[in-house]
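Trainee: Could you take me through one part of this model in detail? I'd like a close look at where the two chains meet.

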Amino acid sequence: MSLEKADVEKIAHLARLQITEPEIPEYARNLSSILSLVEQMSSVDTTGITPMAHPLEVAQRLRADVVTEGNQREKFQAIAPATENGLFLVPKVIE
Amino acid sequence: MHNKTLSELAQGLREKAFSSAELTQYYLDRIQQHDGNLNSFITVTPERALAQAKAADALLAAGKGEALTGIPLAQKDIFCTDGVRTSCGSKMLDNFIAPYNATVIEKFNRAGSVMLGKTNMDEFAMGSSNETSFYGTVKNPWDLQAVPGGSSGGSAACVAARIAPASTGTDTGGSIRQPAALCGITGLKPTYGRISRYGMIAFASSLDQAGPMTRNAEDAAIMLNTMAGFDARDSTCLDKPVPDYTADLDNRLQGLKIGLPKEYFAEGLDGAMASAIDAAIKEYQKLGATIKEISLPNTHLAVPTYYVIAPAECSSNLSRMDGVRFGYRCENPVDLEDLYKRSRGEGFGEEVKRRIMVGAYALSAGYYDAYYLKAQQIRQLISDDFKKAFAEVDVIMGPTTPEPAFNFGEKGNDPVSMYLSDIYTIAVNLAGLPGMSVPAGMVNGRPAGLQIIGNYFDEARLLNVAHQYQQVTDWHQQGPEKYL
């Protein structure tokens with residue numbers, strides 16, 4: 001398994017991670033080495049095996065659809081990088 | 001004072017040999033004295049600790065309180081603590097003052113224990129050596145050239161150096177057991193779902209589990225009594241009664257069936273480590289246990305499977321770190337994509353970025369079946385191996401790690417060689433089983449850990465099995481000379 005420069009750039013974009021040009025060869029080498037490790041899985045025939053969803057085979061618990069948390073907007077926004085009038089600020093999205 | 005166990009400290013508080021305020025100040029002084037070298041804490045919280053100690057003293061004076069009331073503890077910096085920085089070892093959360101408490105923290109608060117501070121860790125719990133922390137490496141108190149293990153390296157080092165009586169850790173692929181082994185302490189990863197994950201910053205949600213890191217099994221039982229239990233705020237937490245984990249500690253081991261997986265004693269295991277584990281097994285035979293060789297045939301697939309599942313889940317979990325609502329934000333973003341990419345590119349360290357990318361790749365269009373689905377199928381096979389084994393034996397034993405603590409930088413260039421240091425611990429997480437590491441000897445002056453794996457919800461038995469060994473050996477009482 002060997003990733004090319006373009007593969008690394010594509011994956012970094014999918015993950016919304018900026019990586020710099022000089023870092024790419026190192027990522028390509030390390031990611032390829034991890035994917036080669038993972039390749040060992042392909043030697044196993046898993047036909048008909050149910051994928052494991054939870055170690056204890058329990059179903060997802062449901063709860064009543066009612067409000068259980070109080071409003072703490074000010075507390076939660078106090079740690080935000082930028083807010084205004086209760087809104088989170090990001091760079092302009094629509095021209 | 002600093003060699004006392006949790007029950008000895010509790011007794012001292014009740015007999016008024018010392019107050020919680022004095023005890024807390026004593027440990028804060030020890031942290032001040034020793035942690036400059038060790039770097040096991042990211043944040044020390046003296047004012048908060050002394051306020052909690054004062055409150056605990058009032059409770060104790062009124063004849064109230066429980067086993068951990070007034071006892072100072074260290075919390076891994078992965079548990080959200082209201083009003084205190086919760087960094088998860090990352091630049092991304094360096095400015096993150098958690099606005100609420102994790103359930104684990106809430107439970108310790110309710111028990112009246114004292115938080116000394118937040119311990120250092122590999123960034124977002126991704127690492128086996130503490131070398132990925134944004135706050136610098138933690139040193140192993142046994143040898144400052146050696147890594148403490150990871151990711152709960154700070155939690156292991158502070159207990160080994162006796163600058164905290166006990167601590168908490170989290171274990172996704174060995175992050176409690178491996179550092180416990182490398183630092184010569186006792187660590188327990190409970191059954192998946194035994195302890196609430198609410199407020200514990202998620203790495204791989206189907207594998208993460210919190211647990212105690214202590215000097216012996218009795219202390220671990222005391223800690224687990226407080227930590228375990230159902231929590232409606234964690235949808236994967238299991239609603240099962242919590243027994244008193246100290247109740248079975250004194251049970252005899254006569255007739256205990258121990259399985260030794262041949263795959264855990266094969267190629268790759270250090271010779272001196274193998275001898276240490278053999279000696280521990282002989283102690284168990286003397287205690288009346290019987291030994292049976294078993295096979296966990298899919299052991300070799302655990303690391304490859306884990307490195308699909310854990311990165312896939314981490315790429316999803318860490319998508320919330322986007323520079324918008326909390327945490328690091330880059331300077332002067334030109335547009336939203338630039339904000340995301342630079343905040344994440346600058347805020348995350350190398351190893352975290354690598355794992356996010358592996359996960360993003362494994363989950364990308366067209367690859368899901370070949371990677372994530374395949375890994376979940378193999379996970380079932382690995383889990384079935386354990387099911388078969390537990391039909392024949394009560395506990396499984398082997399080494400926690402293939403070798404004792406390695407030196408800083410020794411596995412620096414190749415992530416895969418680092419990943420293989422968790423070869424004996426990872427399968428336990430994939431299967432969701434409880435596992436422990438207990439000190440079981442020394443190899444070249446560095447601690448060796450014996451791993452004990454139990455069936456689902458068999459923590460009480462694991463603790464009993466560990467405790468009985470600690471009644472006839474003194475490895476758990478040994479410590480690095482400088483800190484005794």
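Mentor: Let's start with a term: buried area is the accessible area, taken with a 1.4 Å probe, that two parts lose on being put together, summed over both. Keep in mind that this is a predicted model. For chain B and chain A that area comes to about 5300 Å², and carbon and sulfur atoms give 67% of it. As for who takes part, chain B brings 73 residues to the contact and chain A brings 51 residues.

Between the two chains, chain B and chain A, the count is two salt bridges. One pairs B:Asp82 with A:Lys75, with 3.1 Å between the closest N and O atoms.

Which elements of chain B do the touching? Those giving two or more residues to the side that touches chain A include helix H9 (302-317), helix H10 (336-347) and helix H11 (350-362) of chain B, along with helix H12 (369-390). H12(B) gives the most, at 13 residues. Sorted by type, the chain B residues on that side are 39 nonpolar, 16 polar and 18 charged.

What about disulfides? Take B:Cys88, which is in none: the nearest cysteine sulfur belongs to B:Cys80 and sits 8.3 Å away, whereas a disulfide needs the two sulfur atoms within 2.5 Å. B:Cys88 is also buried, at 1% relative accessible area, and B:Cys330 counts as buried too, at 4%.

Definitions and conventions
Residues are numbered from 1 along each chain as its sequence is written. Chains are lettered from A and ligands numbered from 1 in the order in which they are written. This is a predicted model: local features need pLDDT of at least 70, side-chain atom pairs count only at pLDDT 80 or more; totals for chains, interfaces and linings use all residues. Side-chain values use heavy atoms; hydrogens and water are left out. Contact means heavy atoms within 4.5 Å. A salt bridge is a side-chain nitrogen of Lys or Arg within 4 Å of a carboxyl oxygen of Asp or Glu. Helices (H or I, at least four residues) and strands (E, at least two) are DSSP runs, numbered from the N terminus. Ala, Val, Leu, Ile, Met, Phe, Trp, Tyr, Cys and Pro count as nonpolar, Asp, Glu, Lys and Arg as charged, and the others, Gly among them, as polar. Buried means under 20% relative accessible area, exposed over 50%, partly exposed in between (1.4 Å probe, protein chains only).
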